[in-house]
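Trainee: I'd like to learn how to read a protein structure. Could we go through one together?
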Amino acid sequence: MRAAPIPEVLVADSYPANQDPGSSRDALGLGSSAGKGLDVRHGTILTLEDINVSFDGFKALSNLNLYIGVGELRCIIGPNGAGKTTMMDVITGKTRPDSGVAYFGETFDLTQMSEVAIAQAGIGRKFQKPTVFEALSVFENLELAQKTNKSVWASLRATLSGAQLERIDEVLSTIRLSDSRQRPAGLLSHGQKQFLEIGMLLMQDPQLLLLDEPVAGMTDAETEFTAELFKSLARKHSLMVVEHDMGFVGSIADHVTVLHHGSVLAEGSLEQVQNDERVIEVYLGR
Ligand SMILES: Nc1ncnc2c1ncn2[C@@H]1O[C@H](COP(=O)(O)OP(=O)(O)O)[C@@H](O)[C@H]1O
Ligand SMILES: [Mg+2]
């Protein structure tokens with residue numbers, strides 16, 4: 001935990017007018033449809049500019065610039081140690097950058113928000129290792145995920161509304177676990193636990209989903225389903241997916257960013273970056 005609480009109240013329109021980063025961006029914006037309740041007037045859901053993070057003098061992120069468009073499905077690739085996880089840590093408030101700009105939509109300054117406030121604003125993160133409650137049923141896991149967003153008082157008022165039940169059913173179907181709703185989560189396969197955790201994220205209705213190596217350890221069939229699932233979530237949500245599995249990346253990505261030494265080495269379609277000499281040099285090998 002952080003020593004001092006960070007104010008969760010944010011000032012709208014806190015960009016100085018002459019620094020509005022809305023122009024000259026290369027994010028693949030898809031309009032504002034996926035930015036429910038969020039100010040995404042420039043079609044960009046995430047803005048990272050000149051982000052620097054050092055650990056004991058080592059630069060994990062170095063003048064990193066990255067923009068994610070509303071509804072986009074972006075893949076992030078790059079060698080180990082490139083700064084991919086650190087970038088997600090900055091976005092979720094786990095790590096404070098030494099300098100730089102990090103905005104969610106136009107008004108949420110991520111560098112000034114607590115992790116809880118960032119999650120509540122609509123950024124959901126899935127870590128590599130699934131962290132479901134094994135003793136609880138699949139249904140109960142989703143129920144709990146739905147409640148964590150609410151006040152304790154709201155959580156104590158036990159019964160679920162029809163709309164909440166409907167939402168759980170919808171998510172169960174999305175993650176293909178409708179038939180396992182009463183199973184203890186501990187009995188699910190590794191892949192199913194991953195899907196359940198994605199379902200738990202979806203219960204919070206995040207607008208931006210960050211997924212760190214989601215198909216590591218999955219079977220081919222599970223990997224294929226994950227690709228389908230992510231494609232079905234894009235447009236309605238924006239997704240940032242860190243993954244090493246190039247077959248998987250090729251099957252889902254609109255747009256690929258290659259990180260190296262804490263900054264962007266290349267960006268474009270998978271084909272473009274795969275043919276980039278510098279990317280071949282540092283990551284794909286010859
Ligand atoms: N909390 C930390 N303390 C010290 N060094 C760290 C910390 N987190 C990450 N690093 C270092 O920063 C670099 C980037 O790490 P990371 O973001 O995990 O890379 P990636 O996810 O691309 O493999 C690595 O060299 C790593 O050792
Ligand atoms: Mg990592």
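Mentor: Let's start with helix α3, residues 138–147, where V138, N141, L142, A145 and Q146 are buried. Helices here are DSSP runs of H or I with at least four residues, strands are runs of E with at least two, and both are numbered from the N terminus. Buried means 20 or more other C-beta atoms within 10 Å of a residue's own, exposed means 12 or fewer, and partly exposed is in between, with C-beta atoms placed from the backbone. Seen down the axis of α3, the buried residues fall within an arc of 135°, so they line one face of the helix; the arc is that of the directions from the helix axis to the C-beta atoms.

Trainee: What do the buried residues of α3 pack against?

Mentor: They pack against α5 (162–174) and α6 (190–203). A contact means two C-beta atoms, placed from the backbone, within 7 Å. One caution: this is a predicted model, where local features need pLDDT of at least 70 and side-chain atom pairs count only at pLDDT 80 or more, while totals for chains, interfaces and linings use all residues. Residues are numbered from 1 along each chain as its sequence is written, and chains are lettered from A and ligands numbered from 1 in the order in which they are written.

Trainee: And how do I read a sheet?

Mentor: Strands of a sheet pair through backbone hydrogen bonds, either parallel or antiparallel. Here, two strands pair if DSSP finds at least two bridges between them. Six strands form an open sheet with mixed pairing, in the order β6-β7-β8-β3-β9-β10. β6 (123–126) and β10 (263–268) are at the edges with a single partner strand each, so one side of each has no neighbour in the sheet.

Trainee: How many bridges join β9 and β10?

Mentor: Five, and the two strands pair in the antiparallel sense. For instance, T257 has E267 in β10 as its bridge partner.

Trainee: Which strands make up the other sheet?

Mentor: Four strands, in the order β2-β1-β4-β5, form an open antiparallel sheet. Its edges are β2 (58–69) and β5 (108–109), each with a single partner strand, so one side of each is left without a neighbour in the sheet.

Trainee: Which residues are around ligand 1?

Mentor: Among them are F55, A60, G78, K84, T85 and T86; the test is a C-beta atom, placed from the backbone, within 6 Å of the ligand. Helix α1 (residues 84–91) gives the largest share of that shell, three residues.
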